[in-house]
Every structure is written in C-alpha cells, then in structure tokens.
Amino acid sequence: MRHSSLTYQFERFGLVVVWLAFIALFGVLRPDTFLTWSNFSTIFGSEAVLVIVTLGIIIPLTAGDFDLSIAQTLTLVSMATALLDARLDVPLWLVLPIGLGIGALVGVVNGAITIYFRVHSLIVTLGVGTFLHGITLYIGNSQTVSGVSPILMEWVIIQRYFGIPVAFYYAIGLAAVIWYMMSYTAFGQQLLFTGRGREVGRLTGVGVGRVRLTAFVISGVLGALAGILYTGTTGSANPNSGTYLLLPAFAAAFLGATCIKPGRFNPWGSVIAVYFLVTGINGLSVLGFRTFVQDLFYGGALVLAVMVSQLVSGRQERAL
Amino acid sequence: MQGSVPRLEIRGLTKTFGGARALNRADLILRPGEVHGLLGSNGSGKSTLIKVLSGFHAPDEGELKIDGRDVALPIPLGRSETHGLSFVHQNLGLLHDATVLENLIAGDHERLRPWWINWRAEAERARALFAEHHLDLAPGDVVADLSPVKRAQLAIVRAADRVREHRAHGAPGVLVLDEPTPFLPQEDVRDLFAMMRRLTASGVAIIFVSHDIDEVMEVTDRCTVLRDGQVIDTFDTATTERTALVEAIVGRAVSVDRRVAALPAAAPAVQVRDLSGDIARDIALSVQPGEILGLTGLIGSGYDEVPSLLSGARRATAGHLTLGGQRLDVATLTPSVAIASRIVFIPADRQRAGIAPDLSLTENATLPLIAGRLALNQRKLRRDTGDLIRRFSVKASSSEQAASELSGGNQQKLVLGKWLQLRPRLVLLDEPTQGIDVGARQEIYDRLLEVCADGGAVICATSEFEQLELIAHRVLIFDRGRIIGELKGKDVTKQAIAEACYKAVETHAAQ
C-alpha cells in the first residue's frame, strides 16, 4: 500500500523538514536576530494576508480554474475600506460587508465570463484584475490613503495572543474551515471532480458550472477579506499593495500541493509553503542579502514546485 | 492488366496483440489503376492491415513490395509517403480553423522550402490542382465553412497530390481511403466516386475500406474480404453477387452459449417515444423488467447515441421516456434528474467520462452517494468502497489508490459498481467491454444478469455482435438513425445480426 510507505510519508512532510532545516541553518548563522520570538511573531502576523490569498486561489485551482484577479481584488477592497472608513466615515460594521460584497461580485463576474462565454479563466481574470487595478487607482487618486480607524487595526494586528497578532489566527482558522470543506463535504468532492474529472462529475449529476462559479465567488470573498486585513495591518491602503502578492501566492499554492496531501492543492500545505517561503526570504535578508532575493526565491519556488509535482506524477505513471 | 507488376503486394502479413491474432497470413495484391475494396466487420483485421501500411503497427511477419521492390517492414511512422502511400482516415485530418490552402500544404515537407513559403505560387498551384480534379474549392476558404463532402474532397486531393509528385521513382502512388463516406449524404458519395475514378485514370491505385457493400459494389474493380484476421477471398466486383460478399463477411455461424433465456411477456418497464438526436430519428422502443435490450448497427447508424440521450449526457432534440409511471422529457433531461429517477449510464469513453484517473477508488465510487452532505464520514466511505471492490471483484490493493493504477477491466468493474450500488431501474451502456479482457467481460455480463434478476431493465449499445448473442434478450438494428429490424430470443445470433445490418444497406440502395 502506497500510503504507508516511507517515501510517501517523506513526500508528505518533506517541505516541513526542509523548513525546519532552514530555521536551524539561519538560527545557527544569526542566532541574535533571526532566532527571536519577535522576529517569528512578525513573520506569522504580517504574512497572514498572503496565507489568505493563497487559500483563496487554491479553491478555483482545485476546480481547474486560475484566479489571477485575486491580488487586485485585495487592492481594490483595501482601498475601498480605507476610503469608506477614513474619508467617508462609514461605520465599520457597514464597511466590512461592503468590502466582502465587492469580492463576491468580482467572483461572480469572473465566473460568469469564464463559464458562459467559455473563455479560459487565465485570460478572463488577468483582464478583470487589471481592470480592478484601474478602478483602484481612480477611486484612490493613485495615492496611499491613511487614517484608518484604530479599531480595525486593533482587531487585526494590535491584539496578540502568545505575541502573535490575531490576524495569524484568522488565517489558521480559515485554513481549518477550508480543510474541512475540502475533505468532509460533498462540495469539496464536487470541486475535486470539477477539476480532475469534469465529464465524470457532470455525468454523475454535479453541476460543474455552478461549482466553478462558487469557487470564483469564494476566492473573490477571500481576496476581499485579505484586503480588509491588509488595511488593518498597515493602517492604510496602498494602490499597489496586491501587485506583489500574486506570484508568492501561486508559488505557495503549487509548493503546498507537493506536501501534506501530495498531488492536490490543500490548505495546510499552502500554509506551510507560505511560511517556508517567508522564512527563507526573512533569513536571507537577515544574512544581508538585498531585496532581489524575494524575486529569486518566489520565482524559483514556483518553477521548482511545478517541476517536483511533475516528477512525482511522472514516477507514478512509470510505476504502472 | 494480368501479368503486369502489381502496384502493391502484401504476402503473409501476421500481427498478434497479446496472444490474439489480429491478422493471420494475409495476402493482398493491388494492381495499377484499380479501386480495391477492403471489406470486413469489426475486428476482422482491416484496420490492423491499414495501420501496418501506415507504419503504426509493426507486423510479426510478412513482406511488402511496392512496384516490385521490397519495402522493409515496419515502415517508420510518417515515412509512408516516400513509398507512395497516402492515407485519408475517417476524421479526414483537416484543421478546421485553417484555410483550404493551409491545409493543402500542411506537412508537405518534401516540396516546400522550410524558410519561405511563396503563398501566391502555392495558391496558383492549388487552383490548378482543384481545376484538374473538377473541384469547386477556393484556396482562401476556411475549412470550417465547407460542406462535409468538400472537406472529404480536399482531404483526398491532398493525399493524392502527395503521392503523385514526390516519389523517388516517379510512378503513381497508392491512396488508402479508410471509411471516408459514412457521414456523407448519398448524392455526395457519387461525387467522391467520380473523383476516385479520375484519380485511377491517371494510374493511382486506391484501397477503399468500407463497411458499405453497395458502395464497394459501385466503385471498386475488385474487393477483398477479411474475417477474423484472415483473407477470405478476393473477388472481381463486376461478376460477384452481393450475397456472396455478405456470406464472406459474416461467415458460417459458430454457436456461442447464450446466457439468457426467453422472457415471459410482461408490461414494459421502460418506454421511449419519439426520441431524436444528432443522427437518431423518432426512435420508439420499450424494455420489460429483467430484459437486456441490445442496440446495434453499422458506423454512423445512430444506435450508439441512444444511451447518452436517455441519460441526459447529451441533449436530445425531442423525445420522452416513461419509467414506472413517471414520464420524463428527454429533451430537457439532465444527468442529475436521470440519476434521481434511478437511470444510470456507463459511457464508452472510460478514461474521460467513466473514471477520474487521478482520484482514488473511494472518491470515484462514492461521488453519486454524497450529494449535498456536509459531514462525510471518510472512514465509512472507504469501508463501503472496500466492500464494493470485493463485491464487484475489482482487483485493487487499496480503496485509496488512484483509479489510473487499475487495468481497464478493473476500472470498468469499478464504474459498474459505482452505478449498480444505486440499484437502478434502467441501466444504459455504451460499448461496455471496449478494450477489456475476456475474464472481465464475463464478470461484467454476470453483473448485468444480476440487474435483470432484480427486475431492472438494461439497454446496451454495442458494435460487438457476439456480445449481443451472449447476453441480449432482444436486439434492435439501426440504420441512418432509424430502427429497421428486430431480433428476438433464439434469432439473436452474431450471424443474423450481421446479416440484418448489411441488409439495411442493401434496402436503401434499392430505394
């Protein structure tokens, strides 16, 4: 049985092992700056936004669709939240649902165009994302908007448990919910068949169009949630905030699909992959490497992850 | 022409697939300038023979001579044109989005310079070629806009053009037309035949593969009949009776043990009325409880459409279905409605529509059971799948392994298990044993007979007549989208089915 074999267990936890090895390596090299709780709690808290974006994209990815617009959904909602809160003084209990509603609307648009016009989601969401960025620049006048209510910041970054900002716990909670949804609900199975056996699913009564649309709405809402948290983390909205999150999120999603449940996009793998990537970058910058390591690391990880997953599936084919 | 060197000569061609002889010492002689028909039912070996010529299969034994020269077998794939062999397959091999000219010169490496195409000169050349063959084709037309017959003409003229000019030793070539006609209207087939005649007048020899005896009678000079991998005989078409050809194709009856007995008359469990799809027209049929109804016919006759229409897998243009007092409109039927009415469908395309190869056996088998559930008990699903695997004797190491790791027969048993666990009232099958070994076939038949014993109804569309003889209580014969014959009880034999299918072709030639 393949599942109990040693190689399979190594595959599942290989990334965790490499992650711990990284921590050990940087810890030995820079024990005073890298191996401190404050450094780690900063990493955990500040990258919660990236975790949520990654969790957002694995839903449509599982259904066989790409959502490249998620980063711009984040930027737009971040900007909208800041404007409504700081400039228009709309109460926070109203701002949050509006933000999430924007995300859901973007998901509906992405899904409707992809499904009803049968256009590849890569193209649709690339276009929609750029369009959203245009809206963000227009409403924000291409400037950073600050002066966001401290209550929002309180509930995202200032509140800490064990020294880690509360945003981290939101991300972990969300990962748990998505894990449950993917493993223990009929919708999770339908999502899987929509991506991996669409015709089989359709003939077994799965409304594959509806499933794909729902997946886009979920990724839109999660993008919006990440946007709200982003505003809460920095206390402001920057018109280019999401631009630098898209590639890392894809790198983490594909890297995450090589562990925990190898061969499938999975939430815990995604969480581990995000923190693996961030630890690597943080460690290298502590060692004195400059910002270019980010691009090297994220870009390299994405390509490497895809190569590894091809190798794994290729090995399975040869084993037949 | 007697005494002249044959254009193509095949001697003792033998090909075995995993112990089964697909071709057994087949001989074939093709004279210059003749149209030579190749006849035979499914599995007779005609496609194996063609695939040896195209280089797709390497034969176990046999030799090939072209214009008296020995050609080494196997021919490397893609090199058959250098020997003057050119093929037109049923799908024609045209790129629909491209223009006539682009299709015409695609892959013509021997003549074209790789770094520059003179489009104006090529268009001129194409016009001259079309004029020579009396074809109403323009180089700039997009293939998608052409009628089916014009597409066929383009594919044939392209193939003929390839073997005419670029041969090492300058003689006209051999054109292999592999079932080019089943989807063409009768009058267009005449146009194609005229074109074939003009080609042979210039010395080209044609192998015309067809299931349609009338077409073979009309267009060929000679024809060869294959059955069970052997060449039965070669006939001079003009002096041969149709009945002699049918007999050669069908052969003498070899009795197989029928596994079903006559059913007592009963009220039908399933009734279908006015069903129409892409090919099927106004189909009416009924199945009684415990009955296996076989649907068959020749390629393009529409029998294979019926299961996918009745399950909502494909949209019917009209029709309704009555099942245990419940009336369903087939034109608006979806798979989920069909499943809710306990109608299940086992599709022919196992790799794409039957299983999701990447997913586990449990995931594949339990999908129809879990709709709408919010708290799946994974352990129970795995256990149930383990039971299912045992019950349907699927050879697997674990219910968690990927479905792609199973053999074709075990995959099909898994698909059968997935659907039969719903205790269906109507089971629809499309080519249920394609590419499956003998042992697994028997197990699949056992399961279908169990459905019958439970009072379920089965409709099985297949091109394998022997399978119908084994398990069908009754068989409906299709032709051009309509039911034209019915065989029952002891009359359901491989031979009777084949005769009925070929007779169909005869009747519409007489009309």
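Select chain B of this predicted model and colour it by burial: of its 511 residues, 46% are buried.

Stay with the whole chain for a moment. The C-alpha trace of chain B spans about 70 × 55 × 45 Å along its principal axes. Switch to a cartoon view and chain B shows 16 helices and 20 strands. Among contacts in chain B with a separation of 6 or more, 70% join residues 24 or more positions apart.

Next, colour chain B by domain. The domain assignment gives domain 1 as 8-94 + 168-250, domain 2 as 257-342 + 424-511, and domain 3 as 356-422.

Now select domain 1 and domain 2 of chain B together. Their C-alpha centres lie 32 Å apart. Where they touch, domain 1 of chain B gives 13 residues and domain 2 of chain B gives 12. On the domain 1 side, look for helix H6 (213-219) and helix H7 (242-250) of chain B, the elements that give two or more residues. H7(B) has the largest share of that side, 4 residues. By type, the domain 1 side divides into 6 nonpolar, 3 polar and 4 charged residues.

Notes. Residues numbered from 1 in each chain as written. Chains lettered and ligands numbered in written order. Predicted model: local features only at pLDDT ≥ 70, side-chain atom pairs only at ≥ 80, totals over all residues. Domains from an automatic or database assignment. Contact = placed C-beta atoms within 7 Å. Nonpolar A, V, L, I, M, F, W, Y, C, P; charged D, E, K, R; others polar. Buried ≥ 20, exposed ≤ 12 C-beta atoms within 10 Å, placed from the backbone.
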